[in-house]
Amino acid sequence: MAAIDSLEKVLKHHFGYDQFRPNQRQIIEAALNDQDLLVIMPTGGGKSLCFQLPALIKKGVTVVVSPLIALMQDQVTALADNGIGATFLNSTLNAKQVRDRESLILQGKIKLLYVAPERLLSPSFLEFLAVIDNYLGLACLAVDEAHCVSDWGHDFRPEYRQIKQVRQRFPSVPILALTATATQQVREDIIQQLGLRDTSIHIASFNRPNLYYEVQPKTSKSYQQLYQYIKGQKGSGIVYC
């Protein structure tokens with residue numbers, strides 16, 4: 001495929017990167033072949049590019065399910081800054097803004113549409129997806145934070161478990177599920193609950209050579225111990241409790 005042969009050119013032109021991170025190219029090639037995919041990749045590992053770049057090459061609109069309004073807004077802003085047609089539909093918009101964005105989508109000016117799972121499953125939006133599919137085509141359904149699908153996931157949301165309705169309504173549209181957190185049990189649950197078929201599973205390395213780990217014995221004065229440790233550090237940091 002000519003598109004696959006020139007992936008690095010697309011990467012450089014739209015995103016400014018000279019080369020792919022580990023596993024990205026393999027995942028993108030599978031996405032371009034309309035495979036159902038489950039991608040396990042650490043935060044900051046480049047998951048978003050795995051559905052964003054194929055969306056630019058494939059015909060139609062890629063629908064991205066995201067559980068966080070701030071996250072979808074950040075991604076749409078970054079894509080727009082790169083000259084990529086992207087938008088979101090969520091509860092922060094009024095009726096006119098929704099209509100305007102839907103008009104842009106049907107005009108073929110949007111390649112990536114971000115929605116929350118609650119909107120995705122509403123009857124009116126499912127009808128709108130049918131219109132998109134009829135006029136432009138649905139390229140892919142990307143389910144971000146896919147661990148939310150699973151009862152075993154650490155951030156379970158019931159709406160995610162109903163996304164399978166979209167697969168049932170649009171059976172030919174490939175699904176790309178992505179998460180940074182999934183045990184074997186959660187992976188199996190994601191595949192089952194989303195109705196993934198002949199799933200290509202990609203698990204990236206979670207080794208982070210820029211991170212240093214250390215375990216220290218806890219003293220009886222743990223607050224003072226932590227204070228002294230922080231006091232001796234240079235620069236800023238984060239304390240997780």
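**Figure 1. The lining of the largest cavity has eight nonpolar residues, no polar residues and no charged residues.** Nonpolar here stands for Ala, Val, Leu, Ile, Met, Phe, Trp, Tyr, Cys and Pro, charged for Asp, Glu, Lys and Arg, and polar for the others, Gly among them. The model is predicted: local features need pLDDT of at least 70, side-chain atom pairs count only at pLDDT 80 or more, and totals for chains, interfaces and linings use all residues. Residues are numbered from 1 along each chain as its sequence is written, and side-chain values use heavy atoms, with hydrogens and water left out. The residues around the largest cavity are Val-63, Leu-129, Leu-138, Cys-140, Leu-141, Val-166, Phe-170 and Val-173. Strand β5 gives the largest share of this lining, three residues. The volume of the largest cavity is about 50 Å³. A cavity is a set of points on a 1 Å grid over the protein atoms alone where a 1.4 Å probe fits but cannot get out, a pocket is an open set with protein on both sides within 12 Å along at least five of seven lines, and lining residues have an atom within 4 Å of a point. A volume is the space filled by probe spheres set on the points, which are joined across faces, edges and corners.

**Figure 2. The second largest cavity has a volume of about 40 Å³.** Ala-31, Cys-50, Phe-51, Pro-54, Ala-55, Lys-58, Thr-62, Cys-140 and Leu-176 line this second cavity. Helix α4 supplies the largest share of the lining, four residues. By class, the lining has seven nonpolar residues, one polar and one charged. Two cavities of 30 Å³ or more are counted in the model.

**Figure 3. Strands β2 and β5 pair in the parallel sense over five bridges.** Strand β2 covers residues 61-65, and strand β5 covers residues 138-143. Val-61 has Leu-138 of β5 as its bridge partner. Both strands belong to an open, parallel sheet of seven strands, in the order β3-β4-β2-β5-β6-β1-β7. At its edges are β3 (86-89) and β7 (200-203), each pairing on one side only. From one strand to the next, the twist averages 20 degrees. Strands (E, at least two residues) and helices (H or I, at least four) are DSSP runs, numbered from the N terminus; two strands pair if DSSP finds at least two bridges between them.

**Figure 4. Helices α2 (residues 7-15) and α4 (residues 49-57) pack at an angle of about 100 degrees.** Their axes are 11 Å apart. On the α2 side, the contact (heavy atoms within 4.5 Å) is made by Leu-7, Val-10, Leu-11, His-14 and Phe-15. On the α4 side, Leu-49, Gln-52, Leu-53, Leu-56 and Ile-57 take part. Eight of the contact residues are nonpolar, two are polar and none is charged. Axes are lines fitted to C-alpha atoms, for helices over the stretch in contact, and angles run from 0 to 180 degrees between N-to-C directions.

**Figure 5. The largest pocket holds about 740 Å³ of space.** Among its 18 lining residues, Glu-214, Leu-226, Tyr-229, Ile-238 and Val-239 are the closest to the centre. The lining is made up of ten nonpolar, six polar and two charged residues.

**Figure 6. The second largest pocket holds about 520 Å³ of space.** Of the 20 residues in its lining, Gly-46, Lys-47, Ser-48, Leu-49 and Gln-52 are the closest to its centre. Helices α4 and α5 (69-81) are the elements that give two or more residues to this lining. The largest share, four residues, comes from α5. By class, six lining residues are nonpolar, ten are polar and four are charged.
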